[in-house]
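Here are a few friendly notes to read beside the model. Take them one at a time and keep the 3D view open.

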Amino acid sequence: MKIPLLDLKAQYARIQPEIIKVIEEVCAQQSFVLGSHVEQLEHTLAKFIGTEYAVGVASGSDALLLSLMELDIQPEDEVLTVPFTFFASTGVISRLHARPVFVDVCSDTFNLNPTQLADKISSRTKAILPVHLFGQCADMEAINEVASVHDIPVIEDACQAIGAARNGVQAGAFGRTGCFSFFPSKNLGAFGDGGLITTDDAQVAERLRLLRVHGSRSEYHHHLIGMNSRLDALQAAILQVKFQHLDDWTAKRQKNAVSYRQLFHDHGLDDRVILPVEASGNTHVYNQFTIRTPKRDELSAFLTEKNVYYPVPLHLQECYETLGYHKGDFPVAEHAALEVLSLPIYPELTTDQITYVVETITQFFDQ
Ligand SMILES: *Cc1c(COP(=O)(O)O)cnc(C)c1O
């Protein structure tokens, strides 16, 4: 049996007629950029996430970049974030010639460790950018507390965490802005790139709406220097269809996580691998089911499918040599990068497939 990390064809097979119908609708309209489908999706997702506003943009990376632009981040400004995440979280900071300043992560959740945050704040710190990695929220109460003491805005990278919640508040509703990605592998994925920014602040929403269209309020009149980062009507229409299934898909991911936990226990693997830890108060949406073992590289090779996310922490990336960080600077992130491995958790996964994955891992440890 060969089980992929994600099976988008299995998902599409179940929703094809609904999708084709809206694609034909958009084709008949021949209106492709922003417009009513995007507005409807913005409305739907703002309501779902629990914010006043949502602004559709071209990608999750752009959601982050535009959030930083909205804050008027300048060269040499510092933005606090984590070294264990997808490169986009820090790439956008560097794009503005600002400086990513790293804070180590927690060993259980892989999310920003708030106890190390205050020490990193300087007079140049202009934003804090926590990431809700693999589908569960960072400790946002603690992060927001430090942020408010120092009066620093928070931008949430919620790209992997649509629908995740912490103590009743959804990912994307904690910060000044929340950034989401509709990249196909995310829990709500488009048929291409797409992104969204959430906010409760009317002025922030208005500036973001300008920034995504070159700062233009009316044609050929530019109020701000922005960029071209708009969500397509086709993507919005597809996402609106897929959103109707999101709660069901999330529940299935969570059910698969329960099955994994039971099967790992039944197969006596409790002391061989560390299973994902759900922090107290968190609702985890399992964009990834990420396990840990010191034998990661051997197990990864044994399982054959691509399954390792972020093997090189960002402070050790070649392009960041000039930041002056060294091996050992963020020991928890570095250790995680050596030990984590993700297993298939997508909603269409069958019990047989989950059992097969766990049996294969059992074989690995028994050999
Ligand atoms: C996917 C992702 C992004 C970027 O989203 P794109 O839509 O691919 O630009 C940013 N941060 C994290 C944590 C992500 O997983």
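1. For the classes used here, Ala, Val, Leu, Ile, Met, Phe, Trp, Tyr, Cys and Pro count as nonpolar, Asp, Glu, Lys and Arg as charged, and the others, Gly among them, as polar. By that scheme, the shell around the ligand holds six nonpolar, seven polar and two charged residues.

2. Please keep in mind that this is a predicted model, where local features need pLDDT of at least 70 and side-chain atom pairs count only at pLDDT 80 or more, while totals for chains, interfaces and linings use all residues. Residues are numbered from 1 along each chain as its sequence is written, and side-chain values use heavy atoms, with hydrogens and water left out.

3. Who surrounds the ligand? There are 15 residues, each with a heavy atom within 4 Å of it. Among the closest are Asp157 and Ser181.

4. Look next at the polar contacts (pairs of N or O atoms within 3.5 Å). Ligand oxygen atoms lie 2.5 Å from a polar side-chain atom of Ser61, 2.8 Å from one of Gln160 and 2.7 Å from a side-chain N or O atom of Lys186.

5. Which helix gives the most to the shell around the ligand? That is H3, with three residues. Helix H3 spans 60–70, and helix H4 (88–95) also supplies at least two; helices here are DSSP runs (H or I, at least four residues), numbered from the N terminus.

Technical notes
Polar contact = N/O pair within 3.5 Å; in protein donor to acceptor, adjacent residues only side chain to side chain.
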